[in-house]
Amino acid sequence: MIRVDLAAAAVALVASVAVASAQTQTQTASPEPTIWDHNGSMMYLVANGPSREFHYQKPRAGMFEVGVRPGSLLFRGEIDKGQYFGTAYIFNPHCGQIPFQVNGLVLDNDERILLTGRAPRVGRNCHPHESYTSNLEFRRLKPNEAMQSQELFTAAPAPAMEESKPKVPSTDGGELHSASTGQPSARTESTPQRASGYVAGKGKYCKENAVSGYLDCFYASLDACEKHHKSANVRCIPNPNSGT
(Lines give C-alpha, C1' and ligand atoms only; values in the text may rest on other atoms or scores of the structure.)
Protein backbone atom coordinates (compact mmCIF):
# COMPACT_ATOMS: atom_id res chain seq x y z
CA MET A 1 0.00 0.00 0.00
CA ILE A 2 2.80 2.38 0.83
CA ARG A 3 4.36 1.88 -2.62
CA VAL A 4 0.99 2.46 -4.30
CA ASP A 5 0.46 5.65 -2.30
CA LEU A 6 3.92 6.91 -3.17
CA ALA A 7 3.39 6.15 -6.85
CA ALA A 8 0.06 7.98 -6.83
CA ALA A 9 1.65 10.96 -5.08
CA ALA A 10 4.44 11.05 -7.65
CA VAL A 11 1.95 11.00 -10.53
CA ALA A 12 -0.05 13.80 -8.92
CA LEU A 13 3.10 15.87 -8.42
CA VAL A 14 4.17 15.45 -12.06
CA ALA A 15 0.69 16.40 -13.24
CA SER A 16 0.61 19.52 -11.07
CA VAL A 17 4.04 20.60 -12.31
CA ALA A 18 2.92 20.09 -15.92
CA VAL A 19 -0.22 22.18 -15.35
CA ALA A 20 1.77 24.94 -13.64
CA SER A 21 4.28 24.97 -16.50
CA ALA A 22 1.51 25.20 -19.09
CA GLN A 23 -0.11 28.08 -17.17
CA THR A 24 3.21 29.90 -16.96
CA GLN A 25 3.80 29.53 -20.69
CA THR A 26 0.29 30.78 -21.41
CA GLN A 27 0.80 33.81 -19.19
CA THR A 28 4.22 34.72 -20.57
CA ALA A 29 3.66 33.98 -24.25
CA SER A 30 3.28 37.15 -26.28
CA PRO A 31 0.68 37.30 -29.07
CA GLU A 32 1.82 37.61 -32.66
CA PRO A 33 2.36 41.23 -33.79
CA THR A 34 -0.56 42.77 -35.67
CA ILE A 35 -0.11 44.82 -38.85
CA TRP A 36 -1.27 48.44 -39.12
CA ASP A 37 -1.20 51.33 -41.60
CA HIS A 38 0.20 54.70 -40.55
CA ASN A 39 0.29 57.45 -43.19
CA GLY A 40 1.05 54.89 -45.88
CA SER A 41 3.73 53.10 -43.84
CA MET A 42 3.17 49.50 -42.78
CA MET A 43 3.67 49.12 -39.02
CA TYR A 44 3.65 46.15 -36.66
CA LEU A 45 2.32 46.40 -33.11
CA VAL A 46 4.08 44.37 -30.40
CA ALA A 47 1.84 43.71 -27.37
CA ASN A 48 3.22 42.21 -24.16
CA GLY A 49 0.83 42.55 -21.23
CA PRO A 50 0.03 46.28 -20.97
CA SER A 51 3.17 47.19 -22.93
CA ARG A 52 2.73 48.40 -26.53
CA GLU A 53 5.30 49.20 -29.24
CA PHE A 54 4.77 50.34 -32.84
CA HIS A 55 7.65 49.59 -35.23
CA TYR A 56 8.05 50.25 -38.93
CA GLN A 57 7.80 47.16 -41.09
CA LYS A 58 7.56 48.87 -44.47
CA PRO A 59 8.35 52.62 -44.30
CA ARG A 60 6.61 54.66 -46.99
CA ALA A 61 8.52 56.52 -49.68
CA GLY A 62 10.52 59.41 -48.24
CA MET A 63 10.94 58.02 -44.74
CA PHE A 64 14.37 56.52 -45.52
CA GLU A 65 15.62 60.06 -46.15
CA VAL A 66 15.03 61.01 -42.51
CA GLY A 67 16.59 57.86 -41.05
CA VAL A 68 13.65 55.44 -40.77
CA ARG A 69 14.45 51.77 -41.42
CA PRO A 70 12.41 48.55 -41.12
CA GLY A 71 12.22 47.87 -37.39
CA SER A 72 12.58 51.54 -36.35
CA LEU A 73 10.59 52.35 -33.20
CA LEU A 74 7.83 54.95 -33.58
CA PHE A 75 5.98 54.50 -30.25
CA ARG A 76 6.65 52.82 -26.92
CA GLY A 77 4.14 52.94 -24.09
CA GLU A 78 1.29 51.19 -22.32
CA ILE A 79 -2.46 50.65 -22.58
CA ASP A 80 -4.83 51.04 -19.65
CA LYS A 81 -8.61 50.67 -20.00
CA GLY A 82 -8.51 51.37 -23.72
CA GLN A 83 -6.23 54.40 -23.41
CA TYR A 84 -2.69 54.58 -24.78
CA PHE A 85 0.06 56.70 -23.25
CA GLY A 86 3.79 56.78 -23.76
CA THR A 87 6.60 58.17 -25.92
CA ALA A 88 6.48 58.68 -29.69
CA TYR A 89 9.33 59.79 -31.93
CA ILE A 90 9.80 62.12 -34.86
CA PHE A 91 12.72 61.57 -37.21
CA ASN A 92 15.16 64.23 -38.32
CA PRO A 93 18.05 63.56 -40.75
CA HIS A 94 20.41 65.70 -38.68
CA CYS A 95 19.20 65.12 -35.11
CA GLY A 96 17.97 61.52 -35.30
CA GLN A 97 14.99 60.35 -33.23
CA ILE A 98 13.37 63.02 -31.06
CA PRO A 99 10.95 61.85 -28.33
CA PHE A 100 7.73 63.46 -27.19
CA GLN A 101 4.79 62.44 -25.02
CA VAL A 102 1.52 61.22 -26.55
CA ASN A 103 -1.75 59.69 -25.40
CA GLY A 104 -4.91 58.55 -27.10
CA LEU A 105 -7.69 56.03 -27.52
CA VAL A 106 -8.47 52.72 -29.16
CA LEU A 107 -11.37 53.32 -31.55
CA ASP A 108 -13.72 51.45 -33.90
CA ASN A 109 -13.67 48.11 -32.07
CA ASP A 110 -9.86 47.90 -31.87
CA GLU A 111 -9.49 48.72 -35.57
CA ARG A 112 -8.05 52.23 -35.13
CA ILE A 113 -5.73 53.97 -32.67
CA LEU A 114 -5.36 57.75 -32.49
CA LEU A 115 -2.51 59.30 -30.47
CA THR A 116 -1.97 63.03 -29.91
CA GLY A 117 0.89 65.01 -28.40
CA ARG A 118 2.95 68.16 -28.60
CA ALA A 119 6.01 67.45 -30.75
CA PRO A 120 9.08 69.69 -30.44
CA ARG A 121 10.63 71.63 -33.30
CA VAL A 122 14.40 71.88 -33.11
CA GLY A 123 16.98 74.33 -34.42
CA ARG A 124 20.33 73.66 -36.01
CA ASN A 125 21.75 72.75 -32.61
CA CYS A 126 19.01 70.12 -32.16
CA HIS A 127 17.53 71.95 -29.17
CA PRO A 128 13.73 72.54 -29.07
CA HIS A 129 12.50 76.08 -29.63
CA GLU A 130 8.74 75.51 -29.98
CA SER A 131 6.16 72.72 -30.33
CA TYR A 132 3.19 71.77 -32.47
CA THR A 133 0.26 69.37 -32.22
CA SER A 134 1.05 65.99 -33.76
CA ASN A 135 -1.58 63.33 -34.48
CA LEU A 136 -0.54 59.72 -35.08
CA GLU A 137 -3.30 57.54 -36.50
CA PHE A 138 -3.00 53.78 -36.95
CA ARG A 139 -5.50 51.66 -38.91
CA ARG A 140 -5.40 47.91 -38.45
CA LEU A 141 -4.93 46.04 -41.72
CA LYS A 142 -6.99 42.99 -42.60
CA PRO A 143 -4.91 39.84 -43.30
CA ASN A 144 -5.37 40.15 -47.08
CA GLU A 145 -4.39 43.85 -47.01
CA ALA A 146 -1.28 43.11 -44.98
CA MET A 147 -0.31 40.28 -47.34
CA GLN A 148 -0.77 42.47 -50.44
CA SER A 149 1.25 45.29 -48.91
CA GLN A 150 4.01 42.87 -47.93
CA GLU A 151 4.12 41.45 -51.47
CA LEU A 152 4.46 44.94 -52.92
CA PHE A 153 7.22 45.73 -50.44
CA THR A 154 9.12 42.55 -51.30
CA ALA A 155 8.85 43.22 -55.04
CA ALA A 156 9.86 46.89 -54.79
CA PRO A 157 13.58 47.71 -55.21
CA ALA A 158 15.43 49.00 -52.17
CA PRO A 159 15.89 52.78 -52.20
CA ALA A 160 19.31 53.97 -53.21
CA MET A 161 21.25 55.57 -50.39
CA GLU A 162 23.30 58.57 -51.45
CA GLU A 163 25.59 60.92 -49.64
CA SER A 164 23.84 64.26 -49.76
CA LYS A 165 23.05 67.22 -47.59
CA PRO A 166 20.07 66.65 -45.33
CA LYS A 167 16.86 67.82 -46.94
CA VAL A 168 14.25 69.81 -45.12
CA PRO A 169 11.42 67.34 -44.44
CA SER A 170 7.85 68.49 -44.01
CA THR A 171 5.92 67.76 -40.84
CA ASP A 172 3.65 64.76 -41.37
CA GLY A 173 1.66 63.22 -38.55
CA GLY A 174 4.57 63.10 -36.12
CA GLU A 175 6.80 61.07 -38.45
CA LEU A 176 8.76 63.86 -40.05
CA HIS A 177 10.22 66.84 -38.30
CA SER A 178 10.15 70.37 -39.60
CA ALA A 179 13.76 71.35 -40.10
CA SER A 180 15.55 74.11 -38.28
CA THR A 181 14.69 77.76 -38.61
CA GLY A 182 17.66 78.98 -36.65
CA GLN A 183 15.41 80.62 -34.05
CA PRO A 184 16.63 80.76 -30.44
CA SER A 185 15.41 78.15 -28.01
CA ALA A 186 12.00 78.95 -26.52
CA ARG A 187 10.13 77.22 -23.73
CA THR A 188 6.57 76.03 -24.24
CA GLU A 189 3.94 74.35 -22.08
CA SER A 190 4.21 71.09 -24.00
CA THR A 191 7.99 70.78 -24.04
CA PRO A 192 9.24 70.24 -20.45
CA GLN A 193 12.50 72.08 -20.01
CA ARG A 194 15.42 71.80 -17.67
CA ALA A 195 18.97 73.06 -17.71
CA SER A 196 20.26 70.35 -20.03
CA GLY A 197 17.33 69.93 -22.46
CA TYR A 198 14.12 68.00 -23.11
CA VAL A 199 12.72 65.18 -20.95
CA ALA A 200 10.30 62.66 -22.48
CA GLY A 201 8.52 60.17 -20.21
CA LYS A 202 7.73 59.90 -16.50
CA GLY A 203 9.83 56.88 -15.60
CA LYS A 204 12.32 57.04 -12.73
CA TYR A 205 15.30 56.41 -15.04
CA CYS A 206 16.25 57.74 -18.45
CA LYS A 207 18.31 56.77 -21.46
CA GLU A 208 20.44 59.57 -22.86
CA ASN A 209 19.20 60.13 -26.42
CA ALA A 210 21.55 60.49 -29.36
CA VAL A 211 20.31 64.06 -29.67
CA SER A 212 22.26 66.27 -27.28
CA GLY A 213 20.23 67.35 -24.27
CA TYR A 214 17.37 64.86 -24.76
CA LEU A 215 16.39 62.19 -22.22
CA ASP A 216 14.06 59.26 -22.98
CA CYS A 217 12.60 58.46 -19.53
CA PHE A 218 10.46 55.34 -19.63
CA TYR A 219 12.10 52.96 -17.16
CA ALA A 220 11.00 52.03 -13.64
CA SER A 221 14.49 51.05 -12.52
CA LEU A 222 18.15 51.45 -13.43
CA ASP A 223 18.41 47.71 -14.10
CA ALA A 224 15.51 47.86 -16.58
CA CYS A 225 17.14 50.72 -18.48
CA GLU A 226 20.56 49.10 -18.60
CA LYS A 227 19.13 45.68 -19.53
CA HIS A 228 17.12 47.14 -22.43
CA HIS A 229 20.16 48.95 -23.80
CA LYS A 230 22.92 46.57 -22.78
CA SER A 231 24.09 46.19 -26.40
CA ALA A 232 24.22 49.92 -27.07
CA ASN A 233 26.74 52.43 -25.86
CA VAL A 234 24.26 54.52 -23.87
CA ARG A 235 24.10 55.86 -20.34
CA CYS A 236 21.13 55.46 -17.97
CA ILE A 237 20.56 58.20 -15.41
CA PRO A 238 17.81 59.19 -12.92
CA ASN A 239 14.92 61.25 -14.27
CA PRO A 240 15.69 64.85 -13.23
CA ASN A 241 11.96 65.54 -12.89
CA SER A 242 11.17 62.58 -10.61
CA GLY A 243 13.35 63.49 -7.66
CA THR A 244 15.21 60.14 -7.76
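Strand β2 (residues 41-48) pairs with β3 in the antiparallel sense over 7 bridges. Strands here are DSSP runs of E with at least two residues, numbered from the N terminus, and two strands count as paired if DSSP finds at least two bridges between them. The model is a predicted one, in which local features need pLDDT of at least 70, side-chain atom pairs count only at pLDDT 80 or more, and totals for chains, interfaces and linings use all residues. Residues are numbered from 1 along each chain as its sequence is written, and side-chain values use heavy atoms, with hydrogens and water left out.

Between β2 and β3 lies a hairpin with 2 residues between the strands. In its turn, G49 has a positive phi of about 65 degrees. N48 has S51 in β3 as its bridge partner, and M42 stands opposite K58 in β3.

Buried means under 20% relative accessible area, while exposed means over 50% and partly exposed lies in between (1.4 Å probe, protein chains only). β3 also pairs with strand β4 (residues 73-80), through 5 bridges in the antiparallel sense. Across this pairing, F54 stands opposite F75 in β4.

What is the bridge partner of F75 in β5? That partner is A88. β4 and β5 run antiparallel and are joined by 6 bridges. They form a hairpin with 2 residues between them, and K81 in the turn has a positive phi of about 55 degrees.

Strand β5 (residues 83-92) is mostly covered, with 8 of its 10 residues buried. It is joined to strand β6 (residues 96-107), again in the antiparallel sense, by 10 bridges. One of the pairs links Y84 with G104 in β6. The hairpin from β5 to β6 passes through 3 residues.

The table lists the pairings described above.

| Strand pair | Bridges | Sense |
|---|---|---|
| β2 and β3 | 7 bridges | antiparallel |
| β3 and β4 | 5 bridges | antiparallel |
| β4 and β5 | 6 bridges | antiparallel |
| β5 and β6 | 10 bridges | antiparallel |

In general, strands of a sheet pair through backbone hydrogen bonds, either parallel or antiparallel. In this model, 8 strands close into a barrel in the order β1-β2-β3-β4-β5-β6-β7-β8, with antiparallel pairing. From one strand to the next, the twist averages 30 degrees. For such angles, axes are lines fitted to C-alpha atoms (for helices over the stretch in contact), and the angles run from 0 to 180 degrees between N-to-C directions.

Definitions and conventions
Helices (H or I, at least four residues) and strands (E, at least two) are DSSP runs, numbered from the N terminus.
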